[in-house]
Amino acid sequence: MAGAPSQHRKGIVLVVAAAIAWSTAPFFTRLLPFDSWTILFWRGLFGGGLIAAILVLLQGRSGLRDFAKMGKSGWLVASLSTLGMVCFIPALQLTSVSNVAIIIATGPFVTAALAWIWLREVPRLRTMLASIVALCGIAIIVGGARVGSDILGLALACLMTVAIAAMTVIVRRHRNTSMFAAASLSNILGSIVSIPFAQGIAAVSGHEMFIFAMFGFFQVALGLTLYLLGSRLLPSGQAALIATLETPLMPFWVWLAFQEAPAPRTLVGGALVMGAVIADIVGDISEQKQPA
């Protein structure tokens, strides 16, 4: 039992790192003059290939056997991850960024509800309160966007949120399943699905191919792998809450690289999100240090 707090802290570090990796998506997207589906194709291809390469590097040929040994849980995680990725692109095209961001921000609540129904994992009051604060912060960040909406775009955003929430709960439920293969497969499947819609697959230069490779490694392969490894060590609602750090960190990378100063509402909302997540983590660590 002595190792439980250490594993919990490890899970927090891994999911925080995943949120940081995921938040680099706008930075890489700004560097690539392609349609969303072309980006999804090459990003997923490089991400899936790099995860498979890491698996072989760490485990040798036996790592490839993980694809055959994923089982139903591994295939389900891969399918849900692919569904989430594929829904995200058209959701942004069919409705406003504001609507999509707010719906995704409900992820901690959806995840906690699924974990309670399936795992009987009772959500902690502190995490739920922090999730509410984080939701308010994200609402402030995207509140300046135009409100144009479309029912199909909203439905896709909801489907993505449920898919990622279900994936988080399944990873938590099947902790002993190797998720590297599932992460690789989900990216490959995402690339395959994007082929009919992509318009610039063959129009990529060598420099742009390098950017795609970095995109696939840092944002996709590293982010998804870290999240899958970390979320199995944390309560599902907490893992989803920490992942909301992605939203306020996105404008930070754009500001750092392109000198685009974030709007005041972005700073205020981002401070709320980060404050909520930090408060939950600090409270969690303090609780573990208290004598039983």
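Let me start with serine 23, which sits in the loop between H1 and helix H2 (25-30), where helices (H or I, at least four residues) and strands (E, at least two) are DSSP runs, numbered from the N terminus. The model is a predicted one, in which local features need pLDDT of at least 70 and side-chain atom pairs count only at pLDDT 80 or more, while totals for chains, interfaces and linings use all residues. Residues are numbered from 1 along each chain as its sequence is written, and side-chain values use heavy atoms, with hydrogens and water left out.

Is serine 23 buried or exposed? Serine 23 counts as buried because its relative accessibility is 0%; buried here means under 20% relative accessible area, exposed over 50%, and partly exposed in between, with a 1.4 Å probe and protein chains only. Not counting residues up to four places away in sequence, serine 23 touches Glu246, Leu249, Met250 and Trp253, contact meaning heavy atoms within 4.5 Å.

On to helix H2, where we find phenylalanine 28. This residue, phenylalanine 28, counts as buried because its relative accessibility is 8%, and, with residues up to four places away in sequence not counted, phenylalanine 28 touches Ile211, Met214, Phe215 and Phe218. Between phenylalanine 28 and isoleucine 278 there are 27 Å in space, C-alpha to C-alpha, and 250 residues in sequence.

Now the nonpolar cores, a nonpolar core being a set of buried Ala, Val, Leu, Ile, Met, Phe, Trp, Tyr and Cys residues joined through side-chain atoms within 4.5 Å. The largest one has 45 residues, and those that touch the most other members are Val77, Met167, Tyr227, Leu228 and Ile242. Which helix gives the largest share of this core? That is helix H1 (residues 3-22), with six residues. Taking tyrosine 227 by itself, and not counting residues up to four places away in sequence, we see that tyrosine 227 touches Val15, Ala18, Trp22, Met167, Thr168, Ala239, Ala240 and Ala243. Another core, of eleven residues, lies apart from the largest one, and among its members are Ala25, Leu32, Phe34 and Trp42.

Next, the helix pairs. Two packed helices are described by the angle between their axes and the distance between the axes. Axes are lines fitted to C-alpha atoms, for helices over the stretch in contact, and angles run from 0 to 180 degrees between N-to-C directions.

Helix H3 (residues 36-59) packs with helix H11 (residues 206-231) at an angle of about 60°, and the axes are 7 Å apart. Their crossing is right-handed, a crossing being left-handed if the near helix is turned anticlockwise from the far one by less than a right angle, and right-handed if clockwise. By class, the residues of the contact of H3 with H11 are 13 nonpolar, five polar and one charged, where Ala, Val, Leu, Ile, Met, Phe, Trp, Tyr, Cys and Pro count as nonpolar, Asp, Glu, Lys and Arg as charged, and the others, Gly among them, as polar. Residues of H3 in this contact include Trp42, Arg43 and Phe46, and those of H11 include Phe212, Phe215 and Gln219.

H3 also packs with helix H10 (residues 180-194), at an angle of about 155° and with the axes 7 Å apart. H3 is therefore roughly antiparallel to H10, since angles under 35 degrees count as roughly parallel, over 145 as roughly antiparallel, 65 to 115 as roughly perpendicular and the rest as oblique. The crossing of H3 and H10 is left-handed, and the residues of their contact divide into eleven nonpolar, nine polar and no charged.

The last pair is helix H7 (residues 107-119) with helix H12 (residues 236-243), which pack at an angle of about 165°, their axes lying 8 Å apart. H7 is therefore roughly antiparallel to H12, and H7 passes H12 in a right-handed crossing.

I will finish with two single residues. Arginine 173 belongs to helix H9 (residues 151-173), and arginine 173 counts as partly exposed because its relative accessibility is 46%. Leaving aside neighbours within four places in sequence, arginine 173 is in contact with Trp118 and Leu119. Alanine 276, in helix H14 (residues 264-289), counts as buried because its relative accessibility is 6%. What does alanine 276 touch, not counting residues up to four places away in sequence? Alanine 276 touches Ala130, Val133 and Ala134.
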